[in-house]
Amino acid sequence: MSGMRIDRLLCHLRFVRTRSRATALIESGHLRRNGTRVARVSQPVEPGDVLTVPLGSRVALIEILSLPDRRGSPREAQACYRLLNPAGDAACEDAGNRTS
């Protein structure tokens with residue numbers, strides 16, 4: 001398998017605090033990878049993929065630039081993705097405040 005499991009990626013990029021929460025987010029059916037609903041927590045993600053991530057009442061559209069080696073600081077995590085929607089900026093800042 002190439003890439004990184006999507007549950008692990010969400011945790012490393014600090015969109016969720018634990019892999020259990022990442023699993024719950026994926027199983028809710030609202031997470032998308034390249035426009036397709038993610039059905040498995042083990043689905044691989046690679047650089048260049050675009051994820052649609054629900055964050056509370058907002059949705060963040062992000063492009064994966066690189067895969068993180070670990071769950072590092074918020075600054076390290078933000079260096080691994082690029083926001084594609086301006087409305088997602090506030091959502092990601094809110095998520096960062098909750099997971100720090």
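**Figure 1. Tyr-81, a buried aromatic residue of the predicted model.** Tyr-81 has a relative accessibility of 10% and therefore counts as buried, the limit for this class being under 20%. The residue belongs to strand β7, which spans residues 81-83. The coordinates shown here and in the following views come from a predicted model.

**Figure 2. The aromatic pair of Phe-15 and Tyr-81.** The count of aromatic pairs comes to one. Its ring centres, those of Phe-15 and Tyr-81, lie 5.1 Å apart, and the ring planes meet at 45°, so the pair is classed as tilted. Phe-15 is buried, its relative accessible area being 6%.

**Figure 3. The largest nonpolar core.** This core comprises 22 residues. Leu-10, Phe-15, Val-53 and Ile-62 have the most contacts inside it. At least two residues of the core are supplied by each of α1, α2, β5 (50-55) and β6 (58-64). The largest share comes from α1, with four residues.

Figure 4. Gln-43 is located in the loop between β3 (36-37) and β4 (44-45). With a relative accessible area of 14%, Gln-43 is buried, because the limit is under 20%. When neighbours within four places in sequence are left aside, the residues in contact with Gln-43 are Met-4, Arg-5, Ile-6, Arg-33 and Val-38.

Figure 5. The chain contains four helices and seven strands. Read from the N terminus, its elements follow the order β-α-α-β-β-β-β-β-α-β-α. Of its 100 residues, 38% count as buried. Among contacts with a separation of 6 or more, 47% are between residues 24 or more positions apart.

Definitions and conventions:
Residues numbered from 1 in each chain as written. Predicted model: local features only at pLDDT ≥ 70, side-chain atom pairs only at ≥ 80, totals over all residues. Heavy atoms only, no water. Buried < 20%, exposed > 50% of the residue type's maximum accessible area, 1.4 Å probe, protein only. Contact = heavy atoms within 4.5 Å. Phe/Tyr/Trp six-rings, centres within 6.5 Å; stacked < 30°, edge-to-face > 60°. Core = buried A, V, L, I, M, F, W, Y, C linked by side-chain atoms within 4.5 Å.
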